[in-house]
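Have the model open while you read.

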Amino acid sequence: MLPPLVVITGPTGVGKTEVAVLLASRFRVEVISADSRQVYRGMDIGTAKPTGEQCRAVPHHLVDVVNPDERYHAARFRAAAREAISAILARENLPLVVGGTGLYIRALLRGLLPAPPADPEVRRELGLALEREGVQSLHRRLRDVDPEAARRIHPRDPVRIIRALEIHRLTGAPLGMPSHWRQSLPEWRALLVGLTRPRPSLYAALDARVELMVARGLKEETRRLLDAGHSPTLPAMQGIGYRHFSRVIRGSWSEGDALRAMKRDTRQYAKRQWTWFAREPEIRWVDVEAAGGVEGAAEQVEKWIVQEGLTA
């Protein structure tokens, strides 16, 4: 029989970490973060990392593992997550993969085919086009050849736009083609749970969370990162919050501008996450509000864990 694995995913701010902490009071579990931003050291407020209390309640892995100027990607996550899962199972605990980065979760469960290596000539050409035409023009170009990738990639994310265009140029296939995913045999008996909430209430909660991040010192955290020499063009610094307050610190935006843009972009990010996870038919969905809050959602997940015989 394959070893057990539980995945808890869903849009940002829906209560994934809170549910995981509640499950830790019922089972021997350890959490593997599937969040592409929480891997970075020194980026705490803007990535909504688990609190010290939450980390004391349940061990968390793959949080604070790289510096902001280091490269982190789905293949690296998959290797580290598989290693962590094996170690957790060896301790006879139940691994919980918790996070909203759908690409990471899909890479872990399905595997990835090797992407073509970077081509210096193609990169140089696309880099010149970026300087000459601007990032929005490149995003329109991507939309013409790979609409699905253009929908997932933010129009102001030149690193991912250029990589998507490069892969299309080298392979002739869009990023979303099944050929990019390795159809390997399953390694675990996986229970996939998606948490959701009605959009109006989630959006209101996300607005409140953005305001709390700012009150807790997101601007000062961003300034520390910039003062440490981390360029605002780094992929890590392009995350929500950091790219906004970098502009405040440089003087091109007011704090009000940053706050409004953060709220807008956080809502758009949650919408993209819903769209991504809607294509995963194996996810069992729990409406956190209909369940009576995170406590009720945790109870439902607990029932499924017991029913599937996944208890550690």
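The largest nonpolar core holds 39 residues, and Ile32, Tyr72, Phe77 and Val97 have the most contacts inside it. Keep in mind that this is a predicted model: local features need pLDDT of at least 70 and side-chain atom pairs pLDDT 80 or more, while totals for chains, interfaces and linings use all residues. Residues are numbered from 1 along each chain as its sequence is written, and side-chain values use heavy atoms, leaving out hydrogens and water.

**Cores**

- A nonpolar core here is a set of buried (under 20% relative accessible area, 1.4 Å probe, protein chains only) Ala, Val, Leu, Ile, Met, Phe, Trp, Tyr and Cys residues joined through side-chain atoms within 4.5 Å.
- Beyond its neighbours within four places in sequence, Phe77 is in contact (heavy atoms within 4.5 Å) with Ser33, Ala34, Leu62, Tyr72, Tyr104 and Leu108.
- Another core lies apart from it, with 24 residues, among them Phe27, Val98, Val301 and Leu310.

**Helix 11 and helix 12**

- The axes (lines fitted to C-alpha atoms over the stretch in contact) of helix 11 (residues 242-250) and helix 12 (residues 255-277) come within 9 Å and cross at roughly 170°.
- That makes the two helices roughly antiparallel (angles over 145 degrees).
- Arg243, His244, Phe245 and Val248 in helix 11 meet Glu255, Ala258, Ala261, Met262 and Asp265 in helix 12.
- By type, the residues of this contact split into five nonpolar, one polar and three charged.

Key
Axes fitted to C-alpha atoms, helices over the stretch in contact; angles between N-to-C directions. Helix = DSSP H or I, 4+ residues; strand = E, 2+ residues; numbered from the N terminus. Parallel < 35°, antiparallel > 145°, perpendicular 65-115°, else oblique. Nonpolar A, V, L, I, M, F, W, Y, C, P; charged D, E, K, R; others polar. Buried < 20%, exposed > 50% of the residue type's maximum accessible area, 1.4 Å probe, protein only.
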